[in-house]
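Hi,

Here is the structure I promised to pass on.

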Amino acid sequence: MRQTGRITIKPPIGNVRDPDSLYHYLQRFLAWQSERQYSPATVRHGEECLRVFITWCDERGLGRPQEITKPILERYQRHLFLYRKDNGQPLTPRTQYSWLTPMRGFFKWLAKQNHILYNPASDLDMPRMGHRLPKHILTSGEMEAVLAQPDLDTATGIRDRAILETFYSTGMRRLEMIGLGVFDVDADRGTVMIRQGKGQRDRVIPIGDRALEWIAKYRDDVRPQLVAGTDPGTLFLTRHGEIFTPNRMSDMVRHYLEISKLGKLGSCHLFRHTMATLMLENGADIRYIQAMLGHVSLNTTQLYTQVSIRQLKDIHTATHPGRVITGLTLSGNADHDALQAVLNQEAEEEGDDA
């Protein structure tokens with residue numbers, strides 16, 4: 001793989017002279033997805049996963065879609081199950097699922113376009129992912145400790161504080177933060193426009209006054225210093241005036257979590273989990289949290305009702321008549337970390353990634 005400027009050129013796989021090879025059909029599939037407005041992230045992820053699959057096929061002398069059968073796909077699925085990363089750890093069921101999903105879409109497209117007679121992936125049994133709970137959630141006090149970490153005597157420190165405050169106030173996703181435009185923040189109405197969020201859906205969500213103040217300070221005092229050449233139009237820029245990459249955004253947030261020395265791991269999504277959980281525990285209706293997070297289904301949002309078991313424990317301890325009979329002194333605040341440890345242990349026993 002070589003790079004020319006910002007464009008990464010990926011080498012072809014297999015027999016490049018065969019127009020009916022898996023590799024050439026992959027290029028047509030990716031073009032078809034782009035033409036139908038699939039998100040760039042979806043197209044990139046699909047290409048990455050399918051290149052791995054096609055390379056695996058090429059190593060076994062399989063170069064055309066017509067040569068792929070269900071037993072071969074099951075062999076590849078077993079390959080992913082047995083694969084070990086550099087640290088010796090297996091791929092989680094969720095990762096295996098995410099790598100197999102583009103492959104299923106690819107063969108479905110091949111069948112619908114009549115490039116193959118039948119879809120060998122149609123009855124493929126996918127890994128069971130289960131419903132994982134967030135491993136760590138910050139308390140409001142811990143969140144304030146993280147927010148206090150950026151050095152406000154520097155331009156990038158002010159920018160980073162504005163980013164952290166926006167994550168905490170809105171719970172937006174990492175890519176939504178990266179794509180946030182300068183004019184997507186409406187200070188008068190106290191709202192933010194999320195454009196082309198997950199599923200290509202726009203939504204308007206509220207943002208708190210404190211976050212708005214930090215955004216205004218960054219926008220007025222810092223951002224003009226960061227713009228180099230043509231303004232890309234996104235609100236948050238790197239020190240070189242460029243749009244953040246996902247990894248760079250994650251590394252920045254992870255850095256402040258680590259120097260906070262809270263003993264809790266995570267990055268951008270930890271702010272999302274924390275916001276949803278704290279709002280729920282403070283009495284917010286789950287339907288409003290659903291709108292904040294941009295979830296289509298309440299089933300996804302209900303993940304956070306499980307995390308807020310601490311509130312249920314408080315009510316149970318305060319009202320259950322058994323507390324008088326037993327004479328035990330129970331803490332009104334269930335230890336959140338202990339709860340998460342139990343849940344993660346159960347997930348490990350069930351074969352899920354804790």
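By about how many helical turns are K70 and E74 separated in helix 3? The two are 4 residues apart, so about one turn lies between them. Helices here are DSSP runs of H or I with at least four residues, numbered from the N terminus.

Before the rest, a word on the basis: this is a predicted model, where local features need pLDDT of at least 70, side-chain atom pairs count only at pLDDT 80 or more, and totals for chains, interfaces and linings use all residues. Residues are numbered from 1 along each chain as its sequence is written, and side-chain values use heavy atoms, with hydrogens and water left out.

K70 and E74 also meet in a salt bridge, at 4.0 Å from N to O (a side-chain nitrogen of Lys or Arg within 4 Å of a carboxyl oxygen of Asp or Glu). K70 is partly exposed at 30% relative accessible area, and E74 is too, at 39% (buried is under 20%, exposed over 50%, partly exposed in between, with a 1.4 Å probe and protein chains only).

The count of salt bridges comes to 17. One of them pairs R159 with D160 at 2.9 Å; R159 is buried at 7% and D160 at 4%.

Helix 2 covers residues 40-59. Its buried residues include C49 and C57, with relative accessibilities of 3% and 0%. The structure holds 0 disulfides (pairs of cysteine sulfur atoms within 2.5 Å). Just after helix 2, G61 takes a positive phi of about 75°.

Best wishes

Notes: The expected span of a helix is 1.5 Å times one less than its number of residues.
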